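Keep the viewer open as you read.

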Amino acid sequence: MAIIVDLDVQLARHSLSVGEFAAAVGITPANIAVLKNGRAKAVRFTTLDAICRTLDCQPGDVLRWVPDSGEDDEDDDRA
């Protein structure tokens, strides 16, 4: 399973640079890069709230789930 962060798309739609966006959200440009490059292990809800507030979007506009190739959802009993 992979969670994809589509910040580039939203930044382009709002004509925001990474620096401007980072300042508006209240985190460092380096942490924005970690999110954009898929290296983040977690995102605080307060950070996600600030991202959505800044971009005037929903969490699903920034995050999306993509199944691993060959993943069989029917055999997965985890909840």
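## Confidence

The score here is pLDDT, the predictor's confidence in each residue, from 0 to 100. Across the chain the mean pLDDT is 89, and 87% of the residues reach 70 or more. Where pLDDT is low, the predicted coordinates should not be read in detail.

Now the ground rules. This is a predicted model, so local features need pLDDT of at least 70 and side-chain atom pairs count only at pLDDT 80 or more, while totals for chains, interfaces and linings use all residues. Residues are numbered from 1 along each chain as its sequence is written, and side-chain values use heavy atoms, with hydrogens and water left out.

## Overall layout

The chain has five helices and two strands, taken as DSSP runs numbered from the N terminus (helices: H or I, at least four residues; strands: E, at least two). Going along the sequence, you get the pattern β-α-α-α-α-α-β.

Of the 79 residues, 23% count as buried. Buried means under 20% relative accessible area, exposed means over 50%, and partly exposed is in between (1.4 Å probe, protein chains only). As for contacts (heavy atoms within 4.5 Å), take those in the chain between residues at least 6 apart in sequence: 64% of them join residues at least 24 apart.

## Helix H4 and its neighbours

H4 covers residues 45–55, and its buried residues are Thr47, Leu48, Ala50, Ile51, Cys52 and Leu55. An α-helix has 3.6 residues a turn, so residues three or four places apart point the same way. What do the buried residues of H4 pack against? Their partners are helix H1 (7–13), helix H2 (18–25), helix H3 (29–36), helix H5 (59–62) and strand S2 (63–66).

Threonine 47 is one of these buried residues of H4, with a relative accessible area of 16%. Setting aside residues up to four places away in sequence, threonine 47 touches Val25 and Ile27.

## How H2 meets H3

Two packed helices are described by the angle between their axes and the distance between the axes. H2 and H3 pack at an angle of about 105°, with their axes 9 Å apart. The axes are lines fitted to C-alpha atoms, for helices over the stretch in contact, and angles run from 0 to 180 degrees between N-to-C directions. H2 and H3 are therefore roughly perpendicular to each other; the cut-offs are under 35 degrees for roughly parallel, over 145 for roughly antiparallel, 65 to 115 for roughly perpendicular, and oblique for the rest.

H2 brings Val18, Phe21 and Ala22 to the contact, and H3 brings Pro29, Ile32 and Lys36. That makes five nonpolar residues, no polar ones and one charged. (Ala, Val, Leu, Ile, Met, Phe, Trp, Tyr, Cys and Pro count as nonpolar, Asp, Glu, Lys and Arg as charged, and the others, Gly among them, as polar.)

## Cysteines without a bond

How many disulfides are there? The count comes to zero, where a disulfide is a pair of cysteine sulfur atoms within 2.5 Å. Cysteine 52 is in no disulfide, and the nearest cysteine sulfur, that of cysteine 57, is 4.2 Å away. That 4.2 Å is too far for a bond.

Cysteine 52 counts as buried at 11% relative accessibility, and cysteine 57 does too, at 10%.

Glutamine 10 sits in helix H1 and is buried at 5% relative accessibility. Leaving out neighbours within four places in sequence, glutamine 10 contacts Leu55, Cys57, Asp61 and Val62.

Aspartate 56 follows H4 and lies in the loop between H4 and H5. Aspartate 56 has a positive phi of about 50° although it is not a glycine, and is exposed at 71% relative accessible area. Glutamine 58 lies in the loop between H4 and H5 and is exposed, at 56%.

## Another positive phi

Most residues other than glycine have a negative phi. Serine 15, in the loop between H1 and H2, has a positive phi of about 50° although it is not a glycine. Is serine 15 buried or exposed? Serine 15 is exposed, with a relative accessible area of 64%.
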